[in-house]
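Please open the model in your viewer and keep a selection panel at hand. The stops below say what to select next and what is found there.

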Number of protein chains: 2
Amino acid sequence: MMMRLLLVALLASVALNSAQAEDGYRLWLRYDQVDGRDVRSGYRSALRAVVFQTTAGEDTPVIASARAELTRGLGGLIDRDPTVHIVAGELRPELGADGYALKAVTVDGERAVRITGNSDAGVLYGTFALLRKMQLGESLDELDETSVPKIARRLMNHWDNLNRFVERGYAGFSLWEWAYLPEVISPRYEDYARALASTGINGTVINNVNANALILTPEYLAKVAALADVFRQWGIRLYLTSRFSAPMEIGGLETADPLDPAVQAWWDAKVAEIYTYVPDFGGFLVKANSEGQPGPHDFGRDHADGANMLAAPLAAEGRDGIVMWRAFVYAFEDDTDRVKQAYNQFVPLDGKFLDNVIVQIKNGPLDFMPREAFSPLFGAMPHTRLMAELQITQEYLGGSVQLAYLGPMWEEVLTQDTYAQGEGSTIGRVVDGTLKGHPLSAIAGVANTGTDRNWTGHPLAQSNWYAYGRLAWDHELTAHQIAEEWTALTFDAEEDAANEIVEILMGSRETVVNYSMPLGLHHIMERGHHYGPGPWVMGGRSDWTSPYYHQANEIGVGADRGQFGSKAINQYALELRQQWGNLDTVPDNLLLWFHHVPWDYEMKSGRPLWDELALRYQQGVDEVHAMQARWDDLQGKIDDERWDATRQRMALQEKDAREWRDACLLYFQQFSQRPLPEGVEPAEYDLQHYIDVNRRYYPGHPGEY
Amino acid sequence: MMMRLLLVALLASVALNSAQAEDGYRLWLRYDQVDGRDVRSGYRSALRAVVFQTTAGEDTPVIASARAELTRGLGGLIDRDPTVHIVAGELRPELGADGYALKAVTVDGERAVRITGNSDAGVLYGTFALLRKMQLGESLDELDETSVPKIARRLMNHWDNLNRFVERGYAGFSLWEWAYLPEVISPRYEDYARALASTGINGTVINNVNANALILTPEYLAKVAALADVFRQWGIRLYLTSRFSAPMEIGGLETADPLDPAVQAWWDAKVAEIYTYVPDFGGFLVKANSEGQPGPHDFGRDHADGANMLAAPLAAEGRDGIVMWRAFVYAFEDDTDRVKQAYNQFVPLDGKFLDNVIVQIKNGPLDFMPREAFSPLFGAMPHTRLMAELQITQEYLGGSVQLAYLGPMWEEVLTQDTYAQGEGSTIGRVVDGTLKGHPLSAIAGVANTGTDRNWTGHPLAQSNWYAYGRLAWDHELTAHQIAEEWTALTFDAEEDAANEIVEILMGSRETVVNYSMPLGLHHIMERGHHYGPGPWVMGGRSDWTSPYYHQANEIGVGADRGQFGSKAINQYALELRQQWGNLDTVPDNLLLWFHHVPWDYEMKSGRPLWDELALRYQQGVDEVHAMQARWDDLQGKIDDERWDATRQRMALQEKDAREWRDACLLYFQQFSQRPLPEGVEPAEYDLQHYIDVNRRYYPGHPGEY
């Protein structure tokens, strides 16, 4: 009786605690008890021991992390802490630097799992893979599999300022508590590193590309080193952005000319100094001569001059640091179509970059729009290492309010064929280096993390962090597969409910496209905070206005980038030029990206463009309503805490979607002079009402912090 | 066997969860199981039922909160959820509006506790008091006690900006997620309100005194209303700061002259509008004509004109809103000693303020220094309602890095005799209204809360939030008593360890005084962020420099505020003038506040002033070392998580303390030209090194966000 009472008390207490714990902090690493007594006992018998096998066979800090994760994970999943054996094995070339093999083996007559990697990191990734399998309820019997990452440097990019403001951050503020480093180490640093390592991320750029030279001073390097010390234990290398004018700002020089010997010497010494603080420093990410950032052009030099100067010391003295030089450059003084400028600046430099320079290219040539044609640079520069920059944070896709699972967008990008070396020259193959045989390959994702308890603000936005990490490891995974995985790891849900969540995720990005920028429309958001509609935005530099991009007039709408327009289409391979340049063959979803189309143009649907456009906006709103209804049905099928947090955000998204539809249709209707087609709800207010909406102090807006 | 295994698994899981939970989020409301089987069963028998008795006897939202807290608390403490009876009772005048009575009673033959209040809020406070008693292990047998708050309006002041930056905030960023309100309600809003209610706080001013008129626009009022809806359920009324120039900034008027009928009409309408959003709106807090804020002086009017204009509509139509008009005013154009200016401006206005205006006075006449003489306004203005503003956030006492339990400071302030109506005219009695018989009494604490997981950054800084709340309820509680209570509620510690924590807390503020501004020194910190030493700070307006306050020269140091100096001492009662004006009777700790003292002046200790000063600085550092050693000894006696977080901060505090000592002594030594006395460690660097320390992006510094 006594026992029974105690048990009841304990159960109540467990319920209370685990209810409290569903605040999303644990991400996809929840490690709650595996469902099903049989499954649990199956796992227990299969895991009497775990063997960590590396070529060195040493117990290092990274191996200690793997063991700690195993203890944490298996403790939660099956309430066991198996013996860990650390052994040395032969080099297995097929596993590369970071790959792993998982195999069911027998040790001292007992069943065990062996996790093999050439490196400690490989074992760490294998450990997370094993735990993931168990979280997903997969069998460990006859386990025998390997996995090797396709891309060598799998990076996070943080646009974090030293005052903890995060540019385009919607999940609170920067995780880095600069004022208190290096003495005070937030426990969150390690949880962040664990989360990265769990998907195979192995590097992080911790500060904003709109850079501050102070990060390179000894005072800050001591703080940086303290972060690197934490990250290193999880196989994560630390990188910094470097402000090109740092030699002048903190070095006392009168120039930052990359060909000036004093400048070169300053950077040589600075790089050497950084390595004294961070011996495994990964390198620099640089935004130069773009949006006000200093760069080599200020001194009459080109991007290669700038990048190579920084790259040289990073490769000296046995170092293996790299420079990631961003191709996100454009100048409003240049009246060339903005989407053409990066190509024009960079292609002539092909072959001029040092081997440890890699050009970092946003997926589209404009700027992380809900949908863009891909950046033509991916199909160019055969003698240059190229990497992709994806944006996990939803700068143009609804911050952390609107739901937009980005897996499908990234799948679209990574499987896109550039035709650079004939059919099959996908961006994925450009980025993983196999297309050109470059050994240095990399990918970057602009983080959506912050101090919010659940890391990403929107509970479901965690899926984007996860998806980025998984794609960085293996860009051939499908968005659907990753959504299934993430959902299963993240929620306790029956199969039907889990499927429903996956379907909601899968459609969500296209929904945002539909109610904000359908049919290839782009850059028609409000200025500054980039949230909500602003097709009317005018004034200031023309390439930051909306009409520059939508070109609406009485005849039609859309940007003519064809042979009689800006000719941007000529930056693509012939196959794409032919497909996209032709009104009959261009897909609807890129129509207005490449063409200025008359309002009465007959679309594939048989409807005139205006009607099609209006119906797409309406469709976006309808899809939000459907999503809300589906989510409402999930009540009680997942935990209340995250269910309700998501429900609240969807209510705000619904308001936003209607605002987009009404504002954009009222605005474009001024030009089309046509009535809304049947099925499209009339706007609630007049156009001026929407123009007057003034979102002040919106998160992530650099002008207001 | 099965049962045993399950039990082991459950215990492991409980341990894991409760280990995770010691991140400080739960504050002093942890409700972990009560220690001791006998104590638990005693509580269980004493609490078969709980009776909530109010005059109305109705089940209201506040009563529902009390019941929810009871369920949460008793579930955790004794794993019980007793029956709750809600009954109506006679008015009990001795309990006032918010007081409560707890009494052991019998209901249907079973033992119960009755919680009586005239109001729902009284029952809520009684509920928290009952739970606190149980957390402290006090007996409920023969329970029969009452408690009534001495002060009517017990307020938090948040210096939060709309972009979520918190001026002088050191615990992350603002809790209010403006961009997502009113649709998205963070669960943290309710936990915040619970924490306030648990100590009896009944109001909160949610925005910065350096005010932004936007908060008064309909867009923001809808957001404000959503917060008020959450707070109201916990008996908390919401207040706003109002920017005096709002009629011009958001109202389209050309003036904000308080005597202009259009301005009055604008505020009348604005107040009426606010009440449509927040029916129990508490009123306005105003910082006017101070540090750049607009105010009535801009229009040739006085503070009473300004305050009364705002107060009139707050008292109209049955409303009971108030205006809290801050006395923190000074102007650098005025060459009067800054500490005299508020008195000079306000005393002539005594009797001119409407009944629902209360003048809000910082404890000292300068600005929340580690120690100041009290503000002489507390002993003046007999015909005016006066309230105290205390600063919970440690603007001048080490942010959330240094440990400074402020209970002793506030006890010092509240028990200070003003002699305004003869001996016993303490500030506590001025503030609670008993000295002058004012029915409107209030107290404000500038919050130290933010988005940090543990609310306050430093784990032990929670004690200041708690202490403020408890003193606001009953200013006669001692700092020691509160420290004991807080420690017992916050940690699982044996008696010895708990006593050790209490002693560490109790000495901590004086330690900060010793290493930063001993012997009555003040305002010698760095400019802007106010962190670390800056006795050399010069340039700009003189009243923001350090020499203005320390007056160091070859002869001596200290501000002469006596009859031959600024005569600030004349603003105090004769008793204090005599004591403080005389070098023989002024206490050491106010010496340099009131006197310019020669370096070789013989102190009570027999040592010359210079030696005494140097030894005080050394003592501060020594005390930090001692504190570190004592804290180290607590390892394993409290949870590791908070122990280690505190240990890390203490390491930073130790560095800070040495910096203060070395920088200040090197600086003052330039004037004293005397050697360091024996026992004082020489500085590690030269003076220039300390001058060159440049803390950029320090939290809470308004210039850098």
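**A strand pair in chain A**

Begin by selecting Ala101(A), which stands opposite Thr146(A) in β5(A); helices (H or I, at least four residues) and strands (E, at least two) are here DSSP runs, numbered from the N terminus. This is a predicted model, in which local features need pLDDT of at least 70 and side-chain atom pairs count only at pLDDT 80 or more, while totals for chains, interfaces and linings use all residues. Residues are numbered from 1 along each chain as its sequence is written, chains are lettered from A and ligands numbered from 1 in the order in which they are written, and side-chain values use heavy atoms, with hydrogens and water left out.

Now extend the selection to strand β3 (residues 100-107) and strand β5 (residues 144-147) of chain A, which run antiparallel and are joined by 4 bridges; two strands are said to pair if DSSP finds at least two bridges between them.

Move to chain B, where 5 strands form an open sheet with mixed pairing, in the order β2-β1-β4-β3-β5. Its edge strands are β2 (83-88) and β5 (144-147) of chain B, each of which pairs on one side only. Neighbouring strands of this sheet are turned by 25° against each other on average, direction ignored, where axes are lines fitted to C-alpha atoms, for helices over the stretch in contact, and angles run from 0 to 180 degrees between N-to-C directions. Next select helix α3 (residues 61-78) of chain B, which packs on the sheet and touches β1 (49-54) and β2 of chain B, its direction making about 160° with that of β1(B); contact means heavy atoms within 4.5 Å. Within the sheet, strands β3 (residues 100-107) and β4 (residues 110-116) of chain B pair in the antiparallel sense over 7 bridges, and Val107(B) has Glu110(B) as its bridge partner in β4(B).

**Annotated positions in chain A**

Return to chain A and select Glu291(A), Asp367(A) and Glu395(A), which the UniProt annotation "active site" (unreviewed entry) covers; UniProt positions are given in the numbering used here, feature names are shortened, and annotations may be inferred rather than shown by experiment. For "domain: Glycosyl hydrolase family 67 catalytic" (unreviewed entry), UniProt lists residues 134-455 of chain A, a span that is 27% helix and 13% strand, with end C-alpha atoms 24 Å apart.

Asp367(A) sits in the loop between β11 (357-362) and β12 (386-391) of chain A. Is Asp367(A) buried or exposed? At 5% relative accessibility it counts as buried, the term meaning under 20% relative accessible area, with exposed over 50% and partly exposed in between (1.4 Å probe, protein chains only). Not counting residues up to four places away in sequence, Asp367(A) touches several residues, including Arg338(A), Lys362(A) and Glu395(A).

Glu395(A), in the loop between β12 and α11 (407-414) of chain A, is likewise buried, at 4% relative accessibility. Its side chain makes a polar contact with the side chain of Arg168(A) (3.1 Å), a polar contact being a pair of N or O atoms within 3.5 Å, where within protein one must be able to donate a hydrogen and the other to accept it, and residues adjacent in sequence count only if both atoms are side-chain atoms.

**A covered helix and a buried arginine**

Select helix α5 (residues 187-199) of chain A, which is mostly covered, with 10 of its 13 residues buried. What covers those buried residues includes α3 (61-78), β6 and α13 (462-473) of chain A, and just after α5(A), Gly200(A) takes a positive phi of about 100°.

Finish in strand β6 (residues 153-157) of chain A with Arg153(A), which counts as buried at 11% relative accessibility and whose side chain reaches the backbone oxygen of Asp320(A) at 2.6 Å.
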